[in-house]
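Hi everyone, thanks for coming.

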Amino acid sequence: MKCLTHVKGLGDIRGIRSAVMLRVQGRGYLDLYMLEKEQERLEREAALVTGRSRAIGKRLEEIAEQMCRLRQSPEAGRAGGGGERAAEPGGQGRSGRPWKTFALRY
């Protein structure tokens, strides 16, 4: 007859219990490490989002100022080529000089 220590698998029960306990303890350290890494990543991402938000806010302020200026002086918007058609041939260009024209024969 075999004693309990010779039965296959029964001798490993003590080792299994201690291995499970080690894994549980080691798992806590692993979880702590993973949470620290995720926290660092999220802090970097939050810094990037904050910087981007500042840049967007600044650009929105610039756009609001330009719109305000253009609304106060509507002629300034038209003088900059705000949708007007080009001058007729033979008229004056942007420099104020008359255009040189010539006839084409077909």
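So, is Glu-62 buried, exposed or partly exposed? At 34% relative accessibility, Glu-62 counts as partly exposed. By that I mean between the two cut-offs: buried is under 20% relative accessible area and exposed is over 50%, with a 1.4 Å probe and protein chains only.

Quick word on the source: this is a predicted model, where local features need pLDDT of at least 70, side-chain atom pairs count only at pLDDT 80 or more, and totals for chains, interfaces and linings use all residues. Residues are numbered from 1 along each chain as its sequence is written, and side-chain values use heavy atoms, with hydrogens and water left out.

Back to Glu-62: it forms a salt bridge with Arg-59, closest N and O atoms 3.3 Å apart. A salt bridge here is a side-chain nitrogen of Lys or Arg within 4 Å of a carboxyl oxygen of Asp or Glu. Both residues sit in helix α1, 3 residues apart, about one turn. Arg-59 is partly exposed too, at 43%.

Now zoom out. The chain has 2 helices and 0 strands; these are DSSP runs, H or I of at least four residues for helices, E of at least two for strands, numbered from the N terminus. Of its 106 residues, 0% count as buried.

There are 4 salt bridges in the structure. Among them is Arg-27 with Asp-31, at 3.5 Å; they're 4 residues apart in helix α1, which covers residues 13–72. Lys-37 and Glu-40 make another, at 3.8 Å from N to O, and they're 3 residues apart in helix α1.
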